Amino acid sequence: PLRIYEMVNDDLTITLATTLGEDAKKYGAMFTPWAKYQLQTASDIISLPASFGYLKCVATSTKSNANWFAVSGVSRGQVPNLIELNQKVTGAVAETLQARTGISINPITNIKPYGYCVWGNRTLFNNLEDLTASSFLNIRMLTSDVKKVVYTAAKKLTFELNSETLWLNFKAEIEPTLDQMKSGNGLSNYKITKVATTKKATLACVIRLYAIEAVEDWDIEVQLTDSTIDIQ
């Protein structure tokens with residue numbers, strides 16, 4: 001997918017062009033703006049795209065965190081070696097880029113007192129009414145990891161006899177990864193179901209993932225009550 005956008009002060013205009021179809025946007029993400037970085041391999045300050053900053057955060061996060069944790073915010077999204085943004089992203093612009101409908105861009109912005117942080121966890125999926133599981137970049141990464149394990153298991157067991165033993169062996173190849181995701185707060189649950197098929201020499205199944213979403217908004221109400229009232 002190709003995203004073209006213009007930002008003048010706090011006004012944002014977005015145009016999207018793609019030849020890959022709506023489903024392809026589930027697998028992409030975009031970041032803004034360019035920024036100046038001080039690299040250890042270079043003596044000069046270099047201007048690089050925001051995707052570089054995100055990948056720096058990913059490299060740092062994966063040393064101690066699983067892939068399904070969102071690389072965003074002040075805990076895992078602080079961008080190393082970033083000196084200055086080429087274009088300031090205000091809070092109003094960040095909210096526009098992260099609307100709950102439409103297509104989102106993940107901004108890098110200055111979050112005081114933490115510094116420059118990736119402040120977004122969205123794919124390029126077009127949210128027509130509200131956010132869905134396909135909207136979140138960390139869930140997309142989790143799903144991609146599952147697909148890798150499933151692909152490896154299927155290749156390993158191809159040309160084995162299509163019996164109950166094959167089905168048990170297939171589940172045994174992928175369930176350890178799914179169990180790890182469940183115990184590591186990536187999934188609340190999962191379900192592997194063998195389904196009937198009329199195709200010869202074919203094993204068909206559905207793997208349903210119940211992913212845990214990362215919080216983006218807080219809805220908190222502070223109530224002031226009379227001090228003489230006892231709260232049970």
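1. Three strands make up an open sheet of mixed pairing, ordered β3-β7-β8, where strands are DSSP runs of E of at least two residues and helices are runs of H or I of at least four, numbered from the N terminus, and two strands pair if DSSP finds at least two bridges between them. Because β3 (31-32) and β8 (115-118) each have a single partner strand, they stand at the edges, and one side of each is left without a neighbour in the sheet. Strand β7 (residues 106-111) runs antiparallel to β8 and is joined to β8 by 4 bridges, with I111 opposite G115 in β8.

2. This is a predicted model, in which local features need pLDDT of at least 70 and side-chain atom pairs count only at pLDDT 80 or more, while totals for chains, interfaces and linings use all residues. Residues are numbered from 1 along each chain as its sequence is written, and side-chain values use heavy atoms, leaving out hydrogens and water.

3. S72, in the loop between α1 (50-61) and α2 (73-76), counts as buried at 17% relative accessibility (buried is under 20% relative accessible area, with a 1.4 Å probe and protein chains only). A polar atom of the S72 side chain lies 3.0 Å from the backbone oxygen of V118, and a polar atom of that side chain lies 3.0 Å from the backbone nitrogen of G120.

4. Helix α5 (residues 164-183) has 20 residues and spans 27 Å from first to last C-alpha, close to the 28 Å expected at 1.5 Å a residue (1.5 Å times one less than the number of residues). Its buried residues are L166, W167, F170, K171, I174, L178 and M181. Just after α5, N185 takes a positive phi of about 70°.

Definitions and conventions
Buried < 20%, exposed > 50% of the residue type's maximum accessible area, 1.4 Å probe, protein only. Polar contact = N/O pair within 3.5 Å; in protein donor to acceptor, adjacent residues only side chain to side chain.
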